[in-house]
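Trainee: Please pick one part of this structure and look at it closely with me. I'd like to know what sits around it and how it ties into the rest.

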Amino acid sequence: MKNLISERVADFLKNYPPFNIMEGKLLENLSQQVTIIYKEKGSLVFSLDEEAHPHFYVVHKGAIELNNPITKSITDYCDEGDIFGLRPLIARENYKLEARAYEESILYAIPIAAFRPISESNQRVSNFLTESFASNTRNPYNQTRKLEKSGISASLNAQGNLVIDDFQPIRYTKKLITCGPRTTIQKAAEKMTKNRIGSILVCDNELPLGIVTDKDLRNKVVTGNFPISASVKNIMSSPVITYPEKMTIAQAQMAMMKNDISHLILTKDGTPNGELVGILSKNDIMVSLGDNPAVIVKAIKRAKKIKQVKELRKSIMMLLNGYLEQNLPMALTSKIISEMNDTCIKQVIKISLDRMKSPPPVDFAWLALGSQGRGEQLLHTDQDNALVFEDVPEEQLPKTTKYFLDLSKRVTKGLNKIGYEYCPADMMASNPKWCLSLKEWKNKISYWIINPGPNEVLMSSIFFDYSLSFGNRDLVDQMSDHIFSSVEKYPIFLVHIANGALQSPSPSGFFRSFLVEQDGQHKDFFDLKNRALRPLVDAARVLILSHSVKAISNTWERYEKLAELEPNNKELYLACSYATKALIKFRTRQGLLHRDSGRYIELESLTKEEKMKLKRTFKAIKEIQDLISIRFKVSNILG
Amino acid sequence: MGIFDRSIKYPDYWQEYADLFKQSVPKEFNELTFVVLDTETTGFDKTDDRILSIGALKLKGQSIQVDGVFDVYIAQNTFKKDSVPIHGILNNSQQDCISEEEAIQKFLKYAANHIIVAHHAGFDIGMINSALKRMGLPKLKNTYLDTGVLYKKTLIKSYLVQPKDHYSLDDLAEKFSISKKDRHTALGDAYITALAFLKILVKIKEKKELSLKNLK
């Protein structure tokens, strides 16, 4: 019988899949058969290898942790509206995981006997459950398994680089070269040569009869089987294999392999009687596949004009979009995209150098700072950069500085052209304060480290994530060595920079709700950069500085290195590494979606799953901040 | 005969109810069934006021069966206007109303020999006992627990924090962040009471082993 409680259960369930696609009356009936279960924090819902319950579960309040007690790995957290314990619905076997209340929770237990008829009669419901079941066994901390699951590793190893073959539509030759069936072989060959193509279509009344390719000429004519005066009808391959024009590269490759042919004829409806639209050769596929990083990088390196680089940047963005869509591992995506971005910057510098009236008077190094320096910049954001040049005699300094400032102005302008916004704080090599000789830089760094005011801490936090974009590595190494030796002499600097790392506002408030901006342009938006990414980045920097580790500026690589250096904190560092990757991916997705830097996020546009993902990273943030505050005794300078 | 006859003949349903108490209750705390109860009434006077509705649910091993809830509305002979704004129950409104006697009879069958839990249980039990009295029947035989009293047991004893004498169901709902939707319907309040009860048990368990004896 319908009652007040069952109505409440239905009210809740109807907001979440798969119940949201169920008919009202069905849901009403199902809700009446639900059991409401209260679970105190830490209590078991089911244990590993326990006999299947007659229910599966929906979290009404609280959170449930799914884990494998043998490997001690956490598989998933289920939050309000999530379903778990689906195994008995899908397979008649015991539970393969343990479910434990991560927080005090209220669960709705849905009787499988009552639910099965619904899922069996509704394809969408059963699809959702199957997918959900499959994804519940994923492990966000275990990247390798994810790789295997998506079948990515194979295509990685085979080609040495990532090929996103499946989602790209094919690009085919629209200009069709045809001849009639009675055309002589010689005429056809002349036509092919004239048009520089390897095949000719034999048509009768607009309908494709057959095809003659270079191979046919070689095998059937040059061998002497047919004279060049014979008609093409004798040597053409027939009938032609036709396909619809809308196919993906993968489909086209499959079709060629299946029929052992190298050309596909495309018609409007895919049948031999349809209107001809084009021809697709193996070569076309190769060109399409050429949209891979190696090909783009080659093209960038050949660019002679900034404008060409700009065009190629678009392909990089396409590639990025595809990678994200395919959910490739973030570390890999980021590495490839960062490298391509780096290539663009290098090329811009090269082009700018070529336009200078004289070659540089001394060696120099162009540094990428901030997120670009850390190799975490996937979208175009602001350009933060600096230039260091070899020491010159005092009297030469003004002239040398002027040369490099001129160069920097060209480069920053070029970078702006290809899509990098100017840095609003003017932290660019075109600013005389950021275009200095090695000696000047050393003085500046010493000043920051000896007098760590808030400004100095901020400057050094941006600057210390540098990486070399172009030029002489030796200059950069000398700077790094100087930083480490100065920090060693003035360890108090670490406390200040640790304090700085704790200044970022916290990402979540009480009851794990998001804290949104209170005012300004981004009111009610969540500041992903400031509240979630920055604490992780800052923490990694101070920790890696305290270990004097050189040449790792990427945040998750820093955490991985830290995990190696401090095995007792390995778990936390790896969690931070994972959280950083997850957040950057998130920011990139949001940025691509809204065509901005992805920094501010409109919470309402997020799915429940996305919100949950975000929240999970907050735990790592909280813990790393605690670690820093204790390790560097930050409270000492706050008191 | 008369008052010396110890075997007064009660109706069968009462006899069945009373007989259940000859059985022993489960020893394991988790095996116990609790009937969480709330009544909506026309007022607070045990003799003049009447029960408008009884809502109850069964709690066993921390779970509630949604189709196993109890929800009845009682037809009123004397209708007091004052209580309508609180409970929103109108005399002879859409709800299917049954007689007081039928409602009590059903409740006895539902409650059986289980342990009754209610917020300020004394009042709800008292109202039901008054109804039983009108029907010429003895008082409820069930053991009962009061979430108001139990809650006070969970509070820290300190000179700095002076506990209130009286904690309303609203207070509890707020302390335990339980949604107050459906407040002031008998079944809605019973549900809130049930959740509060479960949360109180967790707190008590931190201090001592759960047993019926420890709660009383």
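**Where the two chains pair up**

Mentor: Pairing here asks for at least two bridges found by DSSP, and helices (H or I, at least four residues) and strands (E, at least two) are DSSP runs counted from the N terminus. This is a predicted model, in which local features need pLDDT of at least 70 and side-chain atom pairs count only at pLDDT 80 or more, while totals for chains, interfaces and linings use all residues. Residues are numbered from 1 along each chain as its sequence is written, with chains lettered from A and ligands numbered from 1 in the order written.

To find the spot on screen, go to A:Thr35, which stands opposite B:Gln65 in strand 3 of chain B. Zoom out, and the contact takes 16 residues from chain A and 17 from chain B; contact means C-beta atoms, placed from the backbone, within 7 Å. On the side of chain B that touches chain A, two elements give two or more residues: strand 3 (63-65) and helix 7 (186-207) of chain B. Helix 7 of chain B supplies the largest share of that side, six residues. By class, the side of chain B that touches chain A holds nine nonpolar, five polar and three charged residues. In that tally, Ala, Val, Leu, Ile, Met, Phe, Trp, Tyr, Cys and Pro are nonpolar, Asp, Glu, Lys and Arg are charged, and the others, Gly among them, are polar.

Now follow strand 3 of chain B back into its own chain. Strand 3 and strand 2 of chain B run antiparallel, joined by two bridges, and B:Lys60 stands opposite B:Ser63 in strand 3. These two strands make a hairpin with two residues between them, where B:Gly61 takes a positive phi near 55°.

Strand 2 of chain B deserves a longer look. Eight of the ten residues of this strand (residues 51-60) are buried, so the rest of the structure largely encloses it. Buried means 20 or more other C-beta atoms within 10 Å of the residue's own; 12 or fewer is exposed, anything in between is partly exposed, and C-beta atoms are placed from the backbone. Strand 2 of chain B also runs antiparallel to strand 1 (residues 33-41) of chain B, with nine bridges joining them. B:Asp38 has B:Gly55 as its bridge partner in strand 2 of chain B. Strand 4 (residues 70-74) of chain B pairs with strand 2 of chain B too, in the antiparallel sense over four bridges. There, B:Ile54 stands opposite B:Val72 of strand 4.

For some context, chain B comes to eight helices and seven strands, and 32% of its 216 residues count as buried. Among contacts in chain B with a separation of 6 or more, 65% join residues 24 or more positions apart. Over in chain A there are 25 helices and 20 strands, and 38% of the 639 residues are buried. For chain A, residues 24 or more positions apart account for 71% of the contacts with a separation of 6 or more.

Terms used
Two residues are in contact if their C-beta atoms, placed from the backbone, lie within 7 Å.
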